[in-house]
Amino acid sequence: MEAGTRRGSGTHRVAAVTDAELDRLDKARAKSLCDLEALERKVRQELGASRAAIFKAHRLLLEDPLLIGKVKSLVVDGACGAVEAVERTREEFIGMFQRVRDSRMLERIADIKDVFQRIIGHLDDPPPLPPVGGEPLVLVAEEILPSMAGVLLERGRFAAIVTETGGVTGHGAILARSLGIPAVSGARGILRAAFPGDLIAVDGREGVVHLRPGPEILTAYRKLAREYASVVGRLVENRDQPAVTACGQSVSLLANVNYPLDARVAHATGAAGVGLYRTEYLFLTHPSIPEEDEQAAAYRATIEPFGSSNVVIRTIDLGADKMVPWLTGQHEANPFMGYRSIRMARRHPGLFMRQLRAILRAAAGGIVNILFPMISRLEELLFLRRLLDQGREDLTREGIPHADEIRVGVLVEVPAIAFAIRSIVKRVDFISIGSNDLTQYLMAADRDNPKVAHLCQPYNPVLFRLVRRIFKAASRTGIPVTICGEMAGEPRCLLPLLGLGIRRFSMAAALLPSVKELLRRVTVEEAAEAARRVCRMSTFRAVRRYLTERTHEIMPDLNLIEGD
Ligand code: PEP
Ligand code: MG
């Protein structure tokens, strides 16, 4: 009897706990669905329907009876708590997707993690985040997922981002930079070490994070932050100043943009145009291939602030770190070296044709600049040109208004094409130098891997020599050359790049004011001297030291922004 009673009371206790856990689970799920609906609405308003689609996909996943049924059965049968049941289900789903060994499935893993994390967040009942307008927060995360754009867009809410993975030129960091939020990536262990409510000092210039800083560090960083804000405020005022050197040489300072909204911000910051429009961001949060009309509308909105002749539209650069579930095939061991970007065009001409038609339509009656990324041999360019001609002919035959003049460019980012540059420049109207990938392939160092970040720095004498070679070949034919990797927005690189002859720089809009201020203080002669010197140097350290000192001499207050 006693034993029975004990067993009975035990069963009762478990049943009561089980009910409470199931209730908690239902509430967390309902809250998660609410979040997703609100996010979907917000992102649709700010960035358009295509980017809001990811939240719909997450909602559908959460509403899937299989998923929630599995979690609940673990609570009931396994007598485990709600959090553990969610975690166990998550691991099971991830394992299932991994076993399929299909990269489309593998890419869904990020979404699964996102959705489960959202439920766990509500189960944990974290202290509610302060409303916008309270003290800004530091977002600490494993990585920046495309789906976080909605949260990041709450401007003013996040003072900084710290992630465990990713590199300075990875797409997460690029997204943060385009939103003007300081970010440090590759902070291993931060998720385990940091707790909600902890104070964190983040130095986005130097990639340094101080968790629970002592009073000295805190005072120093608060002072730096005040000085930084005052310098940035002063620099932003230079938006209407012309981008000319101290000796009168005009330079085009352009913006790299990912969304139509970025183009508006870039225009307000004083950019002369868009040097690189990364159109794949439209695809990254879309559950399927965006329709031609939808694409044309996004491209039109991005072109609108500057006019089509001042905007360079890059065709989709998907694959590697920018995966979409509906496109890629088998899992690849080395996706950066694999089936990415325009390499997909032969097998998916329809996908590229849809985009090319949308781009041509977006610039109806005007001039359009189309940039092809990741070209590694001439045949690829010739194939894409044929596709483009075909697209134009089709639109003409169908009587659909489209661009009158098409300018075609190649993004030089694979070393092989940098060496074959003479045969390329004869067949294009402009070229851009993608220093992020060019560096990664030149150095055989993954741009997203913090362990080899030292190899991906721009203070690389060999990289400067390669840029010199590319620029020389292009200048023989007189076509414009833009530099559009992250190097273009690094003030310390301005002097040598200018000295090598580059006159078009494309960067995140947030970096533009300080680059312009520096530009206005240098002469072409000083720049040429810096270029000569770095091209003769043999170590990164020497280049970095020299460029830091030289830049500091010209603009002493710049170290407040870019570190030393
Ligand atoms: C580059 O590789 O330098 C570049 C501009 O393209 P992305 O950073 O988008 O790869
Ligand atoms: Mg690239």
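Of the 14 residues around ligand 1, which come nearest? They are R278, R314, G434, N436 and R447, where a residue counts as near a molecule if one of its heavy atoms lies within 4 Å of it.

Before I continue, a word on conventions. This is a predicted model, in which local features need pLDDT of at least 70, side-chain atom pairs count only at pLDDT 80 or more, and totals for chains, interfaces and linings use all residues. Residues are numbered from 1 along each chain as its sequence is written, chains are lettered from A and ligands numbered from 1 in the order in which they are written, and side-chain values use heavy atoms, with hydrogens and water left out.

Let me stay with the ligand. Its polar contacts are pairs of N or O atoms within 3.5 Å. A polar side-chain atom of R278 is 2.7 Å from an oxygen atom of ligand 1, and one of E413 is 3.0 Å from an oxygen atom of the ligand. D437 takes part through its backbone: an N or O atom there lies 2.9 Å from a ligand oxygen atom. On its own, ligand 1 has 290 Å² of accessible area, and the protein covers 100% of this; such areas come from the Shrake-Rupley method with a 1.4 Å probe, and for residues only the protein chains shown count as cover.

Buried means under 20% relative accessible area, exposed over 50%, and partly exposed in between, with a 1.4 Å probe and protein chains only. Helices (H or I, at least four residues) and strands (E, at least two) are DSSP runs, numbered from the N terminus. The buried residues of α17 are S435, N436, D437, L438, T439, Q440 and Y441. Just after the helix, A444 has a positive phi of about 50°.

Strand β11, residues 430-433, contains S432. This serine counts as buried, at 1% relative accessibility. Leaving aside residues up to four places away in sequence, S432 touches L371, V410, L411, V412, T482 and C484, a contact being heavy atoms within 4.5 Å.

Now to the interior. A nonpolar core is a set of buried Ala, Val, Leu, Ile, Met, Phe, Trp, Tyr and Cys residues joined through side-chain atoms within 4.5 Å. The largest has 121 residues, of which Y299, I431, F464 and F505 touch the most other members. This core lies between domain 2 (137-213) and domain 3 (249-562), because both give residues to it; the domain bounds come from an automatic or database assignment. Apart from it lies another core of 29 residues, including L36, L62, L74 and I120.

Two further helices deserve mention. Helix α20, residues 512-519, has 8 of its 8 residues buried, so it is largely enclosed by the rest of the structure. In α10, residues 260-269, the buried positions are P260, L261, D262, A263, A266 and T269. G270 follows α10 with a positive phi, near 100°.

For a contrasting position, consider R205, in the loop between β4 (200-203) and β5 (208-211). R205 is partly exposed, with a relative accessible area of 26%.

Finally, the chain as a whole. There are 23 helices and 13 strands, and buried residues make up 53% of the 564 residues. Among contacts with a separation of 6 or more, 67% join residues 24 or more positions apart.

Note on methods
A polar contact is a pair of N or O atoms within 3.5 Å; within protein, one must be able to donate a hydrogen and the other to accept it, and residues adjacent in sequence count only if both atoms are side-chain atoms.
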